[in-house]
Amino acid sequence: MDTDLRALLPALDVQDQPLVHALQIDGRAPFSRIADVLGVSDQTVARRYTRLRTTSTLRVVGLTDPMRVGDTPWFVRVRCTPDAAGSVGEALARHPDTSWVKLTSGGTEIICNVRTRDRGESDALLLQKLPRTPRVVDVSAHSLLHVFFGQERSLVSKTGPLTPEQVAALTPADAPATRPHEPATPYPLDARDHRLLAALTQDGRAPLGELAAATGWSQTTVRRRLAELRAAGVLYFDLDYHPRILHHGFRATLWLQVEPARLDAVGRALAEHPEVPFAAATTGATNLCASINTQNAGSFYRYLTGPVASLPGVQHASTAPTHRLLKGPGPLWPQPAAGGKP
């Protein structure tokens with residue numbers, strides 16, 4: 001592969017990149033522990049993170065694995081005429097249950113992630129709230145079945161500057177060694193858990209005192225519950241980047257049709273590719289979806305005809321180059337203007 005892995009890092013100051021890598025490993029790691037691993041002072045780490053956060057460059061957010069809490073994640077593909085894709089995409093971006101809304105294929109298709117609680121809710125979004133006009137050509141939905149790479153791991157996990165020893169020193173003790181299998185029943189959460197998770201969505205590094213005030217628990221109970229939720233795979237911490245940090249290189253979505261007997265092996269292989277920030281098994285005619293980041297169209301072509309072409313069991317592949325990102329998972333993403341509903 002001719003991909004320069006360092007070029008796939010976010011466009012951040014080179015001195016910030018070790019801190020960003022550390023926060024990707026453990027978003028709630030104490031600044032003192034990060035400073036010790038990086039060989040700098042606590043004040044340096046705190047000052048750098050404060051600057052990144054106050055300039056809306058990035059922040060730590062606490063997120064939940066949808067399948068661990070009983071939600072159903074979907075990939076929805078909406079094909080439109082070019083004059084309609086922008087308005088339909090912005091309407092979908094305003095919906096509270098969508099994330100990663102993006103225009104692809106030259107602005108003729110929208111791909112978004114939708115998170116629903118029950119079958120009726122998904123039907124309402126997919127069949128009633130999406131615009132049903134002649135300018136919407138086709139709608140397809142693919143239920144996410146299993147994540148091979150993503151969530152608390154990103155390209156920074158693969159291309160960051162920290163050594164394996166530093167990564168091991170920063171890996172939280174309460175993180176599951178492997179992500180638990182999708183449960184038959186949702187992990188039990190009560191009203192206080194939901195208040196805790198809502199607070200972490202806004203600020204993954206919120207102090208224990210703030211979280212205690214939000215939940216009514218003691219700080220000791222908050223600390224214990226955080227450890228329990230992380231160990232169960234319910235809660236994880238990710239980095240929310242401002243869109244300007246992510247707009248680089250050539251980005252695309254790859255849809256693969258893979259023999260069922262080879263699906264797990266192909267998904268695990270994709271998870272190791274440096275070009276892949278996300279890979280998951282889905283329902284539908286194509287049963288594996290992956291996000292791809294390369295430097296340019298030429299390197300994307302070489303990736304498709306090299307590593308992807310060599311995967312055993314791939315029967316069909318289709319690609320959708322990203323034209324524009326309309327929404328990401330966290331509060332740093334600017335929302336479209338109000339008005340209209342999908």
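## Polar contacts of two threonines

A polar contact is a pair of N or O atoms within 3.5 Å, where, within protein, one atom must be able to donate a hydrogen and the other to accept it. In this predicted model, such a contact joins the side chains of Thr221 and Ser218 at 3.0 Å. Thr221 belongs to helix 10, which spans residues 219-231, and Thr221 counts as buried because its relative accessibility is 18%, where buried means under 20%.

Thr64 makes a polar contact too, with its side chain lying 2.6 Å from the side chain of Arg115. Thr64 is found in strand 1, residues 58-64, and it is buried, with a relative accessible area of 15%.

## The chain as a whole

The protein chain has 342 residues, of which 49% count as buried, and it contains 13 helices and ten strands. Its accessible surface comes to about 15400 Å², with carbon and sulfur atoms contributing 53% of that area. Among the contacts with a separation of 6 or more, 79% are between residues 24 or more positions apart.

## The barrel and the helices across it

Eight strands form a closed barrel in the order 2-4-3-10-7-9-8-5, with antiparallel pairing, and the twist from one strand to the next averages 35 degrees. One of the pairings is that of strand 8 (residues 278-282) with strand 9 (residues 288-294), which run antiparallel and are joined by four bridges; within this pairing, Phe278 has Ser291 of strand 9 as its bridge partner.

Helix 4, residues 82-94, lies across strands 2, 3, 4, 5 and 10, and runs at about 170 degrees to strand 3. Helix 12, residues 263-272, lies across strands 5, 7, 8, 9 and 10, and runs at about 85 degrees to strand 5.

In helix 9 (residues 208-215), the buried residues are Leu208, Leu211, Ala212 and Thr215. They cover an arc of only 105 degrees around the axis, which places them on the same side of helix 9. In an α-helix there are 3.6 residues a turn, so residues three or four places apart point the same way.

The buried residues of helix 9 pack against helix 8 (191-202) and helix 10, whereas the face turned away from that buried side carries the exposed residues Glu210 and Ala213. Just after helix 9, Gly216 takes a positive phi of about 85 degrees.

## Helix 1: largely enclosed

Helix 1 covers residues 17-25, and because seven of its nine residues are buried, it is largely enclosed by the rest of the structure. The buried residues are Gln17, Leu19, Val20, His21, Ala22, Leu23 and Gln24. The elements that cover them include helix 2 (31-38), helix 3 (42-54), helix 6 (155-159) and helix 7 (164-170), together with strand 1 and strand 6 (235-241). Strand 1, which is included in this cover, is also the strand that holds the buried residue Thr64.

Methods: Residues numbered from 1 in each chain as written. Predicted model: local features only at pLDDT ≥ 70, side-chain atom pairs only at ≥ 80, totals over all residues. Heavy atoms only, no water. Helix = DSSP H or I, 4+ residues; strand = E, 2+ residues; numbered from the N terminus. Buried < 20%, exposed > 50% of the residue type's maximum accessible area, 1.4 Å probe, protein only. Contact = heavy atoms within 4.5 Å. Areas by Shrake-Rupley, 256 points an atom, 1.4 Å probe, with all protein chains shown as cover. Pairing = 2+ DSSP bridges. Axes fitted to C-alpha atoms, helices over the stretch in contact; angles between N-to-C directions. Arc of directions from axis to C-beta.
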